[in-house]
Amino acid sequence: MDRNIINPWTWQDNFGFVHANQISGVEQSLLCAGQVSVDDDGNPVNAGDMAAQINKALDNLETVLAGAGFTLADVVRLNYYTTDVDAFIEASAAFGPRLGQAGCRAASTLLGVSRLAFPELLVELEATAAK
């Protein structure tokens with residue numbers, strides 16, 4: 001797969017995303033369902049802790065990716081849904097470096113929503129990976 005990152009500006013570098021990933025020669029793609037902060041039995045965990053929920057959702061995303069032979073570096077689109085945009089932005093220091101160290105250069109969207117599947121959930125991550 002060939003990836004061409006499209007960034008007409010540089011301001012996005014402060015937020016850890018790219019404006020677009022132009023991909024060609026894709027052999028495999030993986031469309032992931034939204035991942036949230038739940039344990040192995042599907043029970044919500046880390047109630048009220050945005051940073052912990054984001055990191056648990058990333059753990060779960062990495063588990064799904066690994067199950068198909070992908071890593072965070074293969075993620076080309078990563079959308080964030082949150083019930084509290086301000087808290088999400090404040091927590092970005094808790095997960096931004098993790099994505100950078102993993103080589104994740106995803107095109108992203110951050111959306112504020114009124115509610116997720118379970119009332120205690122604060123964030124959901126939706127990813128598309130390709131290689």
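Student: Why is Trp11 called partly exposed?

Tutor: Trp11 has a relative accessible area of 43%. Buried means under 20% and exposed over 50%, with a 1.4 Å probe and protein chains only, so a value in between is called partly exposed. The model is predicted: local features need pLDDT of at least 70, side-chain atom pairs count only at pLDDT 80 or more, and totals for chains, interfaces and linings use all residues. Residues are numbered from 1 along each chain as its sequence is written, and side-chain values use heavy atoms, with hydrogens and water left out.

Student: Does Phe15 count as buried or exposed, and what makes it so?

Tutor: The relative accessibility of Phe15 is 59%, and therefore Phe15 counts as exposed. Phe17, by contrast, counts as buried because its relative accessibility is 17%.

Student: Why is the pair of Trp11 and Phe17 called edge-to-face?

Tutor: A pair of aromatic rings is described by the distance of the centres and the angle of the planes. Rings of Phe, Tyr and Trp (its six-membered ring) pair if their centres lie within 6.5 Å; planes under 30 degrees apart count as stacked, over 60 as edge-to-face and the rest as tilted. For Trp11 and Phe17 the centres are 5.8 Å apart and the planes stand at 70°, so the pair is edge-to-face.

Student: Which residues form one aromatic cluster?

Tutor: The cluster is formed by Trp11, Phe15 and Phe17. The structure holds five aromatic pairs; one of them is the edge-to-face pair of Trp11 and Phe15, at 6.2 Å centre to centre with 75° between the planes.

Student: What makes α1 and α2 oblique to each other?

Tutor: Helix α1 (residues 50-67) and helix α2 (residues 85-101) pack at an angle of about 40°, with their axes 8 Å apart. Angles under 35 degrees count as roughly parallel, over 145 as roughly antiparallel, 65 to 115 as roughly perpendicular and the rest as oblique. The two helices, α1 and α2, are therefore oblique.

Student: Which residues make the contact?

Tutor: Contact means heavy atoms within 4.5 Å. Among the residues that make the contact are Ile54 and Leu58 of α1, and Phe88 and Phe95 of α2.

Student: What makes Gln101 count as exposed?

Tutor: Gln101 lies in helix α2. Its relative accessibility is 73%, and Gln101 therefore counts as exposed.

Terms used. Axes are lines fitted to C-alpha atoms, for helices over the stretch in contact, and angles run from 0 to 180 degrees between N-to-C directions. Helices (H or I, at least four residues) and strands (E, at least two) are DSSP runs, numbered from the N terminus.
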